Amino acid sequence: SAISVRSLVVRRRCADAAKEAAVQLREQMIQDMELGGYSPETRRQYVCAVRELAGHFGRSPADLTRDQLREYVVHLRTHRCKSATRLRNHLAALKFVYSRTLGREDDVSFLMWPRSPENVPTVLSRQEVARVLAALEQPTYRMAATTIYATGLRAHEVCLLETRDIDAARHAILVRHGKGRKQRLVPLSPPLLSMLRAYWKQVRPEPPYIFSATHARGAMRAPALRMALHRAGEQSGISKRVTPHVLRHCFATHLLDLGTDTRVIQVLLGHSSIRTTARYVRVSTQLMSQAASLLDELPAL
């Protein structure tokens with residue numbers, strides 16, 4: 001009937017208007033983050049988080065009420081986010097889009113950041129690290145993982161390394177995409193330099209990146225590296241979950257075992273606070289071995 005046709009046309013127009021509004025909000029949000037100096041990875045995470053919010057309600061975030069946001073945060077805490085870090089990312093995205101882009105700060109004033117439990121970092125032994133690296137058959141993944149273990153880089157930092165970042169004369173690597181947009185230098189050991197040169201001759205990655213994507217253009221993506229490391233850990237028979245960040249933990253802990261000063265490790269890791277670096281003292285077996293055995297001090301009965 002004519003009424004049904006008109007109703008269908010109206011619904012389509014409303015749907016088109018909603019999509020256009022969502023696109024405009026997304027573009028405005030991205031522009032606000034660029035003006036604020038947010039890193040590309042943070043921008044990607046925030047956009048994904050806001051997209052999930054819109055998908056949950058089937059409506060633009062601009063149309064949601066404070067009560068609906070409260071309902072969504074409860075959903076995130078109970079069903080969606082298993083870790084405090086992931087929950088903080090979602091909450092930070094909500095706070096940004098409503099406070100900065102939409103100018104509705106009161107709607108998210110109830111948000112409170114969860115505290116992360118101070119878990120002991122997962123650390124592999126040197127033998128386990130060697131087994132994992134050997135299990136990575138794809139040269140790009142193997143060399144990227146080796147670089148993380150040798151330098152302590154984060155996953156996204158190693159993925160975005162470019163040839164111009166390698167300073168062979170000074171035996172250093174410039175990390176230009178550090179967390180919080182902070183640059184730093186990390187040491188380039190002679191063995192790592194030799195391995196990188198051999199890798200470059202074998203693979204010939206697409207410039208300017210040292211570790212280019214395997215099946216696409218541009219830099220290698222961190223999720224692909226994480227998946228490769230997870231499979232390598234399983235193939236190596238290691239019960240611990242192996243990730244790029246675990247290799248970063250290994251870098252810090254093994255340096256501490258060798259007697260490297262904690263403040264030096266702090267600089268290499270790019271930590272703002274020495275308290276963050278100090279947690280590796282809790283997993284250094286070399287430091288624990290220096291503690292006297294109280295049983296040896298008991299008098300004989």
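Biologist: Which side chain does T277 join in a polar contact?

Modeller: In this predicted model, the side chain of T277 makes a polar contact of 2.8 Å with the side chain of H271.

Biologist: And where does T277 sit, and is T277 buried or exposed?

Modeller: T277 lies in helix α12, which covers residues 274-278, and T277 counts as buried because its relative accessibility is 2%, where the cut-off for buried is under 20%.

Biologist: How many bridges join β1 to β2, and what lies between the two strands?

Modeller: Strand β1 (residues 166-167) and strand β2 (residues 172-175) are joined by two bridges and run antiparallel, with D167 standing opposite A172 in β2. The two strands form a hairpin with four residues between them, and in that turn H171 has a positive phi of about 55°.

Biologist: How many bridges do β2 and β3 pair over?

Modeller: β2 and β3 pair over four bridges, in the antiparallel sense, and one of the facing pairs is L174 with its bridge partner L185 in β3.

Biologist: Tell me about L185, then: where is it placed, and why does it count as partly exposed?

Modeller: L185 is in strand β3, residues 184-187, and it counts as partly exposed because its relative accessibility is 40%, which falls between the 20% and 50% cut-offs. Not counting residues up to four places away in sequence, L185 touches R170, A172, I173, L174 and L268. As for I173, its C-alpha atom is separated by 5.6 Å from that of L185, although the two residues are 12 apart along the chain.

Biologist: New topic, α6. What span does that helix reach from first C-alpha to last?

Modeller: Helix α6 has 13 residues, 139-151, and reaches 18 Å from its first C-alpha to its last, close to the 18 Å expected at 1.5 Å a residue.

Biologist: What happens at its two ends?

Modeller: At the start of α6, a side-chain oxygen of Q138 comes to within 2.7 Å of the backbone nitrogen of T140, while just after the helix G152 takes a positive phi of about 80°.

Biologist: At what angle do α6 and α9 pack?

Modeller: α6 packs with helix α9 (residues 222-235) at an angle of about 90°, the axes being 10 Å apart, so α6 is roughly perpendicular to α9. The contact is made by Y141, A144, A145 and I148 of α6 together with A224, L225, A228 and L229 of α9.

Biologist: Are those α6 residues buried or exposed?

Modeller: Y141, A144, A145 and I148 are among the buried residues of α6, and the buried residues also include T140, M143, T146, T147 and T151.

Technical notes: Residues numbered from 1 in each chain as written. Predicted model: local features only at pLDDT ≥ 70, side-chain atom pairs only at ≥ 80, totals over all residues. Heavy atoms only, no water. Buried < 20%, exposed > 50% of the residue type's maximum accessible area, 1.4 Å probe, protein only. Contact = heavy atoms within 4.5 Å. Polar contact = N/O pair within 3.5 Å; in protein donor to acceptor, adjacent residues only side chain to side chain. Pairing = 2+ DSSP bridges. Expected span 1.5 Å × (residues − 1). Axes fitted to C-alpha atoms, helices over the stretch in contact; angles between N-to-C directions. Parallel < 35°, antiparallel > 145°, perpendicular 65-115°, else oblique.
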